[in-house]
Amino acid sequence: MARLSRSSGSRLLYTLCATPSSPAAASSFPLHGPQSTLASLLLLGGHCRRFSSGNVARTKEVNDPWWKESMQRLRNIGISAHIDSGKTTLTERVLFYTGRIHEIHEVRGRDGVGAKMDSMDLEREKGITIQSAATYCTWNDYQVNIIDTPGHVDFTIEVERALRVLDGAILVLCSVGGVQSQSITVDRQMRRYEVPRVAFINKLDRMGADPWKVLNQARSKLRHHSAAVQVPIGLEEEFQGLVDLVKMKAYYFRGSNGEKVVSEEIPNNMEDFVAEKRRELIEVVSEVDDKLAEAFLSDEPISSIDLEEAIRRATVARKFVPVFMGSAFKNKGVQPLLDGVLSYLPCPTEVSNYALDQNNKEEKVALSGTPDGPLVALAFKLEEGRFGQLTYLRIYEGVIRKGEFIINVNTGKKLKIPRLVRMHSNEMEDIQEAHAGQIVAVFGVDCASGDTFTDGSVRYTMTSMNVPEPVMSLAVSPVSKDSGGQFSKALNRFQKEDPTFRVGLDPESGQTIISGMGELHLDIYVERIRREYKVDATVGKPRVNFRETVTQHAEFDYLHKKQTGGQGQYGRVCGYIEPLPAGSTVKFEFENMIVGQVIPSGFIPAIEKGFKEAANAGSLIGHPVENIRVCLTDGASHAVDSSELAFKLAAIYAFRQCYSAAKPVILEPIMLVELKVPTEFQGTVAGDINKRKGVIVGNDQDGDDSVITAHVPLNNMFGYSTALRSMTQGKGEFTMEYKEHLPVSQDVQMQLVNSHKASKGAE
């Protein structure tokens with residue numbers, strides 16, 4: 001049972017006594033942090049009651065389930081932003097203030113240590129986050145699970161899968177750079193997974209910092225219904241602290257690492273500005289919260305508790321984005337942001353999650369999100385650790401225990417959990433069990449990213465995350481023949497870990513082709529193969545899959561006659577080749593139009609096989625010939641010397657004989673490219689598409705962006721992601737997919753034929 005008592009100095013003391021329904025140990029602690037704003041409201045166990053002076057109210061029903069309190073005190077959050085906005089720096093400060101780490105290290109690892117969440121050597125060298133990393137910490141008796149995600153567009157899958165399993169997010173914006181291209185992309189991902197969020201305008205200590213400009217950009221570019229819940233005291237070098245518009249207090253951050261938060265009265269010279277910003281905050285929130293609107297319209301005084309409750313309701317409902325401010329690097333504003341996470345972002349039971357029932361035609365089922373239901377957990381990320389495959393799980397319902405059996409719904413396999421851990425970047429802590437709402441990792445469980453696990457009582461699968469198609473490919477091969485085993489081991493592991501990384505074999509060139517989200521993405525993997533598997537790989541431009549075809553009717557009449565000692569070879573084939581009609585579903589057609597038995601029917605399959613084999617490599621550039629029809633009209637055979645081999649060779653030579661007469665052309669793969677660029681760069685981008693021999697087929701407007709659709713030859717699209725970024729200051733994005741093969745222009749055909757002859761001559 002919980003009770004409230006007043007201690008001396010009118011300080012509220014919350015005492016929690018253990019009861020049979022609550023395993024919590026008896027403890028007594030003053031309300032502080034986010035609870036201090038609830039001086040007359042205790043939000044716990046889902047029951048909100050007001051207290052009048054001297055009153056004591058029951059806030060916890062005796063029959064509340066054991067897990068209710070721990071679920072209310074749990075937050076799963078992700079930190080996402082454009083590259084270099086300060087996500088990892090912010091996470092480092094959060095870990096320091098919550099006592100998870102005992103000293104602060106900088107992102108680029110200049111001190112030889114590097115940020116805790118960037119555990120990979122490559123991350124520390126380049127100063128960028130490559131893999132999302134999970135950790136957990138405790139703040140004011142709340143457990144907070146945090147995932148720090150990359151900002152670079154090439155690692156977008158890391159952001160996708162983190163947001164898929166989180167209940168809330170912090171969108172970090174740079175006070176100088178403002179809303180940048182990747183801010184727009186991660187915000188779009190947050191909308192896709194319906195994640196409530198708070199915004200944090202970082203780097204207020206930098207030259208040119210302007211949080212109000214950034215707030216207006218968030219409203220216009222991200223369509224955020226947002227308002228500031230804090231006002232900075234000074235900016236740039238003068239940045240000293242923050243005024244909280246909800247509690248109407250000024251906060252200063254003292255101590256060598258800003259660990260002492262000192263609360264003071266609002267400076268006199270800021271009172272008018274603060275009053276104006278608070279009125280703006282109340283106005284914006286009351287537009288989406290009826291209860292606050294009522295009080296605002298009837299001119300009632302609005303207490304800090306009323307305002308905090310309204311902001312929480314609107315944020316959880318994704319109708320409002322509260323904006324916090326600070327400088328993570330200068331250790332200012334991080335603790336109030338943590339308080340805001342507890343106050344405004346939802347706990348696991350306040351978020352709706354759905355599964356698909358495989359026993360009932362994939363019908364949508366709402367999950368309770370509590371430990372009482374059957375186990376439902378999603379494997380959202382895989383990593384190859386020192387002890388085998390590490391699988392990150394988000395538990396949506398039920399309880400998972402070490403040593404118990406679970407079922408992989410996607411494969412039907414029954415698996416035992418040998419080891420269950422909680423992650424702290426690359427460190428782990430063994431635990432015996434975990435319940436709904438938590439993010440844990442298991443060892444020794446073979447599965448793929450996106451698999452769902454249950455206890456066997458239900459066959460639910462979670463909806464999978466959005467996996468974008470790879471846009472770029474490279475040919476790779478190990479330098480030394482001996483390292484082939486390690487090379488393929490590395491590629492298999494990376495494919496399992498990263499759904500956007502694909503590996504294939506080009507049947508024509510025999511090259512191993514790796515595909516991914518961009519040049520940096522593939523460069524990082526080649527570098528990881530070198531570092532983690534000690535395999536040097538050569539990287540080349542992959543061969544574009546050209547094709548050849550014929551454009552007109554051409555006849556053949558070929559006699560293959562070879563006399564050696566013993567049985568000779570004899571076979572004559574007559575007929576013609578022609579292009580297949582447009583829209584034909586087959587790429588090669590063979591028709592036997594011979595009347596009578598001039599060629600015995602047993603040899604016809606060998607003739608067809610010969611023509612097919614010849615069509616595998618056209619004589620222009622050695623690529624397969626498509627859309628061709630071969631008709632056999634006449635021929636001759638010999639009673640002794642004719643054989644399958646003789647007729648097969650006759651067909652191959654007949655094809656080569658008439659091929660040039662059929663006016664062959666080279667076909668190249670044409671890609672359907674969709675670009676989204678800010679309108680001011682539209683002309684430059686369109687001009688570049690024309691230079692690449694692309695044809696623009698559509699141009700639409702989407703808010704401040706232009707959406708251009710074009711058909712561009714794949715051969716002209718290499719290095720395009722880098723070119724597009726430089727043309728659009730990093731704000732443009734594009735998707736590319738195969739559309740069709742079309743003939744190349746005469747000059748390109750000459751170029752390709754000449755380079756093919758030159759390479760043949762060199763061999």
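**Salt bridges in a predicted model**

Let me begin with Arg547, which counts as buried at 14% relative accessibility, where buried means under 20% relative accessible area, exposed over 50%, and partly exposed in between, with a 1.4 Å probe and protein chains only. Please keep in mind that this is a predicted model, in which local features need pLDDT of at least 70 and side-chain atom pairs count only at pLDDT 80 or more, while totals for chains, interfaces and linings use all residues. Residues are numbered from 1 along each chain as its sequence is written, and side-chain values use heavy atoms, with hydrogens and water left out.

What does the side chain of Arg547 meet in a salt bridge? The partner is Glu626, at 2.9 Å from N to O, a salt bridge being a side-chain nitrogen of Lys or Arg within 4 Å of a carboxyl oxygen of Asp or Glu. Glu626 is also buried, at 11% relative accessibility.

The structure holds 31 salt bridges, and another of them joins Arg197 to Asp187, with the closest N and O atoms 3.0 Å apart. Arg197 lies in strand E10 and Asp187 in helix H5, ten residues apart; helices (H or I, at least four residues) and strands (E, at least two) are DSSP runs, numbered from the N terminus. Both count as buried, Arg197 at 7% and Asp187 at 2% relative accessibility.

Finally, Arg219 pairs with Glu280 in a salt bridge, the closest N and O atoms being 3.0 Å apart. Because Arg219 lies in helix H6 and Glu280 in helix H7, this pair ties together parts that are 61 residues apart in sequence. Here Arg219 is partly exposed, at 27%, and Glu280 is partly exposed, at 22%.
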